Amino acid sequence: KISKKQQNFQESMATATRLRGFGAAAMVAVVGTYGVMKLRDPILIAENDKGNMIMDVKKRIADTNMVIPSRQFQENALMGSSIKNPLDVLVVGGGATGCGVALDAAARGLRVGLVEREDFSSGTSSRSTKLIHGGVRYLEKAFFNFDYGQLKLVFHALEERKQVIQNAPHLCHALPCMTPCFDWFDVVYYWIGLKMYDLVAGRKLLHLSRYYSAKESVELFPTLANKGNDKSLKGTVVYYDGQMNDARLNVGLACTAALAGAAVLNHAEAVSFVKDEASERIIGAKIRDNLSGKEFVTYAKVVVNAAGPFCDSVRKMVDKDAPTMICPSSGVHIVLPDYYSPEGMGLIVPKTKDGRVVFMLPWLGRTVAGTTDSNTEITMLPEPHEDEIQFILDAISDYLNVKVRREDVLSAWSGIRPLAMDPKAKNTESISRDHVVCEDYPGLVTITGGKWTTYRSMAEDAVDAAIKSGKLTPTNGCMTQNLQIVGGDGFDPASFTVLAQQYVRMKKSYGGKVVPGVMDSSVAKHLAHAYGTLAKRVATIAQDEGLGKRLAHGYPYLEAEVAYCARQEYCESAVDFIARRCRLAFLDTDAAGRALPRIVQILAAEHKWDKSRQKQELQKGNEFLETFKSSKNAQFHDGKHTKVEVEGA
C-alpha cells in the first residue's frame with residue numbers, strides 16, 4: 001500500500017519536473033498520511049499569493065513526518081533538464097554556502113540543482129572552530145586601524161550570528177568564553193573591548209559580557225591557572241558567542257533545500273561545462289555520479305560556483321588561465337578529553353607567541369582547541385602538521401593548571417579557509433575575511449570567502465547575482481532570514497525528557513537475542529540536539545528495529561542513527577556517517593575506528609552492498625581516519641606523519 005503511494009509520488013514529481021514551474025510546484029507539496037509528498041495542480045500556484053507559498057514551504061519543512069526525496073529521484077531531476085527546459089540555477093559545491101544558495105533559490109520558487117563531488121560538508125565546512133561569531137579580533141583591528149570595512153564586517157556577522165542560532169536552535173547555542181587577565185591593564189582593556197562587542201551587537205546581543213574575580217573565575221573554570229608568566233590571575237572577562245555542530249547544520253541545510261524543491265546530489269562531480277556556441281555563455285555542466293560512474297548533462301540558466309577552496313579549479317574548467325581568487329589558509333584543531341574544560345564555558349587565549357588567538361571550547365562532551373593560521377596548499381584531505389598540533393598544546397598549557405599532554409589528543413584535523421581576493425584587484429591587499437561575488441565568465445557566478453557565520457547572507461548575495469545574470473523570475477524575495485531548517489521548528493530543549501521517558505533502546509546481544517535497554521539521558525540529549533524535532537523517528541528505529549546499541553563505548557551514538565541517516569540524510573558511505581552525520585571521527589579517531597565495522601554492516605543492509613563494497617568502505621574509512629592525527633595513530637619523523645608498520649600486527 002505504501003509502495004503504491006510512493007510510486008504515485010514518483011510519477012507526480014516526474015510530471016512536475018517537465019513543467020516550467022517545477023520549483024514552485026514542489027513548494028506547494030504537502031505530506032500525506034504516510035509521509036509521501038503529493039502535488040497540487042501547478043495551475044493553482046499563480047492564484048496563490050506569496051504569503052501562502054512561503055507558509056507552504058515552512059509547513060513542509062516543519063513537518064516531522066516528511067520524507068526526503070531519494071537520491072535516485074534527485075539524480076533523475078537533474079537528468080530531466082534540457083536546453084529547452086533548463087534549471088534556473090545549478091550550484092557546484094555542497095558546503096555551507098552552496099547548500100545555503102540552493103535553499104535560498106528554491107525558497108524563492110526557482111528550479112534548482114546542486115552537485116557535490118564528495119559529501120555535503122566534506123570540506124572546510126566540517127572543519128571549523130565550531131563558533132558562530134562576529135569576530136572579537138576583527139573589532140580590535142577595526143578600532144586600532146580605523147578600518148570601517150572591518151567594523152562593518154563585525155556588525156554584519158553579529159547580526160547573522162543571531163539568525164543562525166534562531167534558525168537551527170537544536171544545533172546551535174550561546175556559549176560563554178572566558179578571557180584570562182594576568183595584569184590589571186588587561187582587565188580594563190578586555191572589559192572595554194568586550195563591552196564594545198556587546199554594543200556593536202545591539203539588539204542581536206546574546207548575553208552581556210562581565211568581569212569575574214580570580215576566585216570566581218577558578219570556580220567557573222577549575223583547570224584555569226592561578227599564575228601565568230610569573231603573574232597572578234587578576235580575574236577574567238567573560239563574553240558570549242555562538243557554537244554549532246557545523247557538519248550536521250550543513251547536512252540540515254541540504255535536506256531543507258531538498259524539501260524546498262531543490263535537487264541536491266552528493267558524490268556527484270561537475271567534470272566540465274557546457275557552453276552556448278553562439279553566445280559563449282555557460283548553459284550547464286557535465287556531471288559524473290561518483291558512486292555509479294554514470295555521466296549526464298544538466299542544463300541551467302546560471303551556474304553558481306560555491307566550491308570553497310576549490311572555486312579556482314572550477315573557474316579553470318572555463319579558462320585554464322583564470323586569475324587566482326583564493327589565498328588558502330590552514331586551520332588546525334585538536335580534540336582533548338572533557339576534563340580540560342568545564343561544560344558550558346570556553347577559554348580564549350588572546351596572546352600567543354606569534355600573536356594568534358587560540359580557543360579552547362567544550363564541544364559534544366569533549367574539548368576542542370585551535371586554531372592555527374598558516375599558508376597551505378589546497379588538497380582534498382588536508383592533514384595537520386605536528387608542529388601545528390604542538391603550537392596549540394603549548395598555547396593552552398600556559399593558561400591551565402593541568403599537564404597538557406600530546407597523548408591526550410583524541411583527534412586532530414586541518415581545514416582550509418578560502419580567503420578571497422577579487423580577481424579584478426591589482427594587488428593582494430584586497431585579501432579579506434569578507435566574501436566576494438563575481439561573474440567573470442557569462443553564466444558562471446562565483447561566491448567565495450566569508451565565514452560560516454555569514455553563510456546565509458553570502459547565499460542571498462549569490463542568488464541575487466544569479467537572478468540578475470540569468471534574468472530569472474523568482475516568485476518571491478529572499479525568505480531564509482526566518483526560515484528554520486529541518487528539526488528546528490518547535491524545538492524544545494527539554495524534549496529529551498520525552499525520549500527518555502517514552503522510548504527504550506532494544507539491543508541485540510551477542511547471542512542474537514534482543515534485550516531492552518534504558519534510553520538514558522546522555523543518549524536522549526544527544527538525539528534531541530542532533531535531530532531536533534525529528535529525534536523521535538531515530539528513537540523509534542532504535543526501539544522497533546533492535547538498533548538501540550551504542551556504536552562506541554563512552555559515546556551516545558546509536559546504531560539506529562546509521563539506518564536513519566541512510567534513509568533520510570543522503571548518507572552514502574561509512575565516512576559520510578563517522579565524519580558528517582555523527583562526529584565520531586572528529587571527537588575520537590580510535591573510537592570511530594572501532595565503530596567502523598558495525599557502521600559498514602548497517603549501511604550495507606540499507607544500501608544493499610555486496611561483500612566487495614563492504615570491504616572497500618572499511619578500507620576507505622580507515623584511510624580517512626589516518627588523516628586525523630590522534631595520539632595513538634600518529635608516528636612522526638622530522639615533523640611529518642609517517643605510517644609505521646607494527647611487527648606482528
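Predicted model: local features only at pLDDT ≥ 70, side-chain atom pairs only at ≥ 80, totals over all residues.
Residues are numbered from 1 along each chain as its sequence is written, and side-chain values use heavy atoms, with hydrogens and water left out.

Visitor: Which residue follows helix 15?

Guide: Helices (H or I, at least four residues) and strands (E, at least two) are DSSP runs, numbered from the N terminus. Helix 15 covers residues 521-531. The residue after helix 15 has a positive phi, near 60 degrees, and is G532.

Visitor: Which residues of helix 15 are buried?

Guide: Buried means under 20% relative accessible area, with a 1.4 Å probe and protein chains only. The buried residues of helix 15 pack against helix 10, helix 14, strand 23, helix 16 and helix 17, with contact meaning heavy atoms within 4.5 Å. They are V523, A524, H526, L527, A528, A530 and Y531.

Visitor: Which element gives the largest share of the lining of the second largest pocket?

Guide: On a 1 Å grid over the protein atoms alone, a pocket is an open set of points with protein on both sides within 12 Å along at least five of seven lines, and lining residues have an atom within 4 Å of a point. About 1200 Å³ of space lies in this pocket, and of its 39 lining residues, E343, W363, L364, G365 and H529 are the closest to its centre. Strand 6, strand 10, strand 17, strand 18 and helix 15 each supply at least two lining residues. The largest share, 6 residues, comes from helix 15.

Visitor: And which element gives the largest share of the lining of the largest cavity?

Guide: A cavity is a set of grid points where a 1.4 Å probe fits but cannot get out. The largest cavity has 16 lining residues, with R248, G252, V486, L534 and E569 nearest its centre. Two or more lining residues come from each of helix 10, helix 15 and helix 17. The largest share, 4 residues, belongs to helix 10.

Visitor: How are helix 6 and helix 8 set to each other, roughly parallel or roughly perpendicular?

Guide: Their axes, lines fitted to C-alpha atoms over the stretch in contact, lie 10 Å apart at an angle of about 100 degrees, on a scale from 0 to 180 degrees between N-to-C directions. Angles of 65 to 115 degrees count as roughly perpendicular. Helix 6 and helix 8 are therefore roughly perpendicular.

Technical notes:
Buried < 20%, exposed > 50% of the residue type's maximum accessible area, 1.4 Å probe, protein only. Points joined across faces, edges and corners; volume = space filled by probe spheres on them. Parallel < 35°, antiparallel > 145°, perpendicular 65-115°, else oblique.
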